[in-house]
Amino acid sequence: MAEHVRIRLLGPVAALRGAAAVDPGSPRQRAVLAVLASHPGQVVPIPRLVESLWGEHPPRSAEQSVYTYVAGLRRALEPSRKQHRHSELLVGGGGGYRLEVEARHVDAVAFAGHVESARLAMRRDGAAEALTSLEEALSLWHGDPLTGVPGPFADAERARLAELRLTAAERHAEALLGLGRPHDALPPLRDLTRRHPIRERLRELLVLALLRSGNRAEALEVYNEGGRILREELGVDPGAALRAAYELALREPGPAPAAPPPGRSRSPEAAPAAGRMPVVPRELPRDLGGFVGRRLEIIRIQTHLAPWDGSAPSPLVVISGPPGVGKSALAARVAAMVKDRFPDGQLYVNLRGATTGMPGLEPLEVLGRFLRALGAAGDAVPADVDEAAAAWRSRMAGRRMLVLLDDAAGLPQIQPLLSAPRGTAILVTSRESLAAGDDSVRIHLPRMAGPEAAAVLSTLAGAQRITADPEQTARLVRFCDGLPLALRIAGARLADRPDWSVAALNARLGDERRRLHELEAGELAVRSSLAASWNALARSARPLDRLAARTLALIGLPHVHDITAEAAAALLGTGVLEAERALERLVDAHLLDQSGSDPAAPPRYQLHDLVRIFAAELTCGPAGPADTHAAPGRLSPGEAAAALARVLGHWIASARLASTTMDPHRVQPDGPELDPVDATPHHVGDADEARDWLAREEPNLVAAATQAMACPNERLARLGVALVFSLQWYLHGAHDSANLIALNREALRVSRRLGDRLSTYHALGHLAGGLSFQRRTAEAVEHLRAQLVLARELGDRFSEQRTLGNLANTFLVRRAYRECLSHARAQLALAREIGSQVGERYALIMLGTARHGLGRSAEARQALTEALASARRVGDISHEGLVQTVLGEIFLDEGEPAAALEPLRQALELRRASWFRIGQLRCLVRLSQAHRALGAPRAALPYVTEALPLAVELGNPEWLVITEEEHAAVHALLGAVTPP
């Protein structure tokens, strides 16, 4: 069947079976088809499909949605496939799916193949063959590619295909010109140049086609128009290839303009004096021996400095990245590789932008060095920067030179040099992200990945030692943060100590207090490299730089993965906008990474481990002991503690607000003995936004709470406990028993140490809840009984009735229905006495569920109906969802599956709205059971299919068994043990 299916991506996404059109379904289902069709015959992993459709922040249901879309595509593309037969077209396996179609039956893949065939044909002077391939390629288009398909993959693929289409059109015109058919090339070239006025290759071909058609005047007019547009739009002159076409037009018979073409200089200083050889400087530094890796970056930089088609190089290429990432070594390597393309010489200077103890070079000093290298007498170098820059331009005019500016402090240091004429390429390295105009190319140098990093270690310490223990080598790369400087130091230390294994070095690096000290070898030191960047900010005359330096010290205090501008503002005690500017300044200095592509969420900022350790050395406060090698200007213990208290307060207030927004009917732990928080919380608009914020921040909040509770500082420890309590309802809804137990066990320890009885009460209850989730009910009951004693000692009757309800629920989990009834009755009486509606409602639910367990369904319905009315009256959707679930289960147990469907559907909707995940699982399984009991296994299938991965994720032992049994039962009825 696969050979009869064709996929169209060069326009609206469509599929054809023979001559019949197939509807690929919804936009996202079409997006799945587009991704698979773009890689015909290859397995596309499910995580890659998820990322292709939703990017870095997919919804929780993304993977399940992919399964649904694949099932929909199978139905559409294989309508005659028998119900229980495996798909032969859209095949699952290898952790993903592959589309079994031939590449020639996917128009986008076929198009790229034709374009490549044409390129190869042109290289062997086969213009006619190339023309045929290109006409076949261009005939495949029928609109904008991937029309209406959402997602990052579609966006990137549209841009790629559009660029390839333009390239094909250019090659088509080039083939026509090569075959002596310029008149045929003119109409498409005129149209494309009109639609892409700044694309120089199109304009160059149009000038040549006009010239060969005998229309010299229009050719000159087209060139002049292009020069004007390029200068107005981009601030640049035409490139070498377009200028060459112009000069060809000038040599044709007819009057020539008096002025030289834009972008060319006839300065007499460009030519050497009669009888003298021009000065050809060769100043490049020695290429680093043993250089490995960076293959992609080398190719990219080479492409800009030495284009394959012989055109002019990019005038400015900037390599930026964090300290120690290998910018200078990479620049020296590429410069050595391309130097032959610059026959007029190569200039080099170390600008000392981040050299500790030495001032950076001034622009005038750099200009003077270069002018003297180009033959100017020492006394002929102007003393004014502008005059020196003018002399520099005159000396460089007409030359093809490479200039390497290493370690630039910032754009002002190199700005006067950037006015060099066309033909000169300037390669800059900097720790700053330099933005120098539209014609600059910026290349961010990332940390090295595992294989590249291991290769660096191998060149120094020997391949045998590095490959002997891959796990320890990977750990060493992580300790070095993928920084070539750190890797070189680690490799050198291993080379100096042949008796050390990689594991032995890792044992020393594992202690964060010693790691920066261990990463020193001779004059090489990671700490010194980081300190140079920080000192440059701390000692800057710019207030923003100094604020950024302080920000780096402060964001090293909380031991969290990343941070937002709001949290940074709390640490700094400033406004959010001011904090964001400081964070962005650290990003520009490559001391901080920015992540996050979700436009609905604020950007997040992350410290890599070695920078985080260095940042922690800038304080001797509670975040960690100071190191004797720390940079000056570290924070005092009081400043550090106050900053941590501010950010903890922000997180507590934000988590409480988000939790209340998710469900205003749940009681938040609070009281006179809990630490009061006066902080501005993160604003959330609705329950979904609140849940998303908590999901994003949970790892950081858990880490911050753990750190704070471990502090000897009593104020910080109390705030840590309060932060744990603020997460209670979110963790409960997420069924996160591990964090509930670990966090509240520590909160209990801290509360008892501080003699805080109210916090002890809350910690006991929350700990019991986590234990109950894991079916450790005996331990849970023990903690709840201790909590009940404490509530009575405190004289807190609301807390007393609440504990009685939790005891009832724990006995319910144990199926100890009579004990459950006893505690539920006690809760109901006390809740009614003190007027607690939420307590009364919960007690009624416990009574109804226990009576159902004892077979007293009529009494159960009576209690549940009363609870349902109360929940609906106040809008408590969590309790309403629980009641509807139990009512549905009663109908199921009484043999009325049809009657169970409606309450269970309502319960599922409510459980999703209140984000109680174990409740969602319970409803999904019960709905599957109801449909199966009605003899409708196909209707049951979507519910149990959604339930199984949720059960695996939640890890509840009882419900995992129930779900797996239901999954097997449904598929047994469908005639298959596993899903198709």
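This is a predicted model: local features need pLDDT of at least 70, side-chain atom pairs count only at pLDDT 80 or more; totals for chains, interfaces and linings use all residues.
Helix α24, which runs through residues 565–572, is mostly covered, with 7 of its 8 residues buried. The buried residues of α24 are Ala-565, Ala-567, Ala-568, Ala-569, Ala-570, Leu-571 and Leu-572.

The C-alpha trace spans about 110 × 75 × 55 Å along its principal axes. Of the 980 residues, 52% count as buried. As for contacts between residues at least 6 apart in sequence, 66% of them join residues at least 24 apart.

Now for some helix packing. Two packed helices are described by the angle between their axes and the distance between the axes. Take helix α33 (residues 777–794) and helix α34 (residues 797–813): they pack at an angle of about 165°, and their axes are 9 Å apart. An angle over 145 degrees counts as roughly antiparallel, and α33 and α34 are therefore roughly antiparallel to each other. The crossing in which α33 passes α34 is left-handed. On the α33 side, the contact is made by Thr-777, Ala-780, Val-781, Leu-784, Arg-785, Gln-787, Leu-788, Ala-791 and Arg-792. On the α34 side, the residues involved are Ser-799, Glu-800, Thr-803, Leu-804, Asn-806, Leu-807, Thr-810, Phe-811 and Val-813. Sorted by class, this contact has 9 nonpolar, 6 polar and 3 charged residues.

Further along is another pair, helix α36 (residues 837–853) and helix α37 (residues 857–874). Their axes come within 8 Å and cross at roughly 155°. With that angle, α36 and α37 are therefore roughly antiparallel to each other, and α36 passes α37 in a left-handed crossing. From α36, the contact draws on Gln-837, Glu-840, Arg-841, Leu-844, Ile-845, Leu-847, Gly-848, Arg-851 and His-852. From α37, the partners are Ser-857, Glu-859, Ala-860, Ala-863, Leu-864, Glu-866, Ala-867, Ser-870, Ala-871 and Val-874. The contact of α36 with α37 divides into 9 nonpolar, 5 polar and 5 charged residues.

Next, the aromatic rings. A search of the whole structure finds 4 aromatic pairs. One of them is formed by Tyr-730 and Trp-915, and this pair is stacked, at 5.0 Å centre to centre with 15° between the planes. It links distant parts of the chain, since Tyr-730 sits in helix α30 (residues 728–734) and Trp-915 in the loop between α39 (897–914) and α40 (917–933), 185 residues apart. Tyr-730 is buried, with a relative accessible area of 2%. Trp-915 is buried too, with a relative accessible area of 7%.

Finally, there is His-517, found in helix α21 (residues 512–518). Its relative accessible area is 39%, so His-517 is partly exposed. The C-alpha atoms of His-517 and Arg-527 are separated by 7.7 Å, with the two residues 10 apart along the chain.

Technical notes
Residues are numbered from 1 along each chain as its sequence is written. Side-chain values use heavy atoms; hydrogens and water are left out. Axes are lines fitted to C-alpha atoms, for helices over the stretch in contact, and angles run from 0 to 180 degrees between N-to-C directions. Helices (H or I, at least four residues) and strands (E, at least two) are DSSP runs, numbered from the N terminus. Angles under 35 degrees count as roughly parallel, over 145 as roughly antiparallel, 65 to 115 as roughly perpendicular and the rest as oblique. A crossing is left-handed if the near helix is turned anticlockwise from the far one by less than a right angle, and right-handed if clockwise. Contact means heavy atoms within 4.5 Å. Ala, Val, Leu, Ile, Met, Phe, Trp, Tyr, Cys and Pro count as nonpolar, Asp, Glu, Lys and Arg as charged, and the others, Gly among them, as polar. Rings of Phe, Tyr and Trp (its six-membered ring) pair if their centres lie within 6.5 Å; planes under 30 degrees apart count as stacked, over 60 as edge-to-face and the rest as tilted. Buried means under 20% relative accessible area, exposed over 50%, partly exposed in between (1.4 Å probe, protein chains only).
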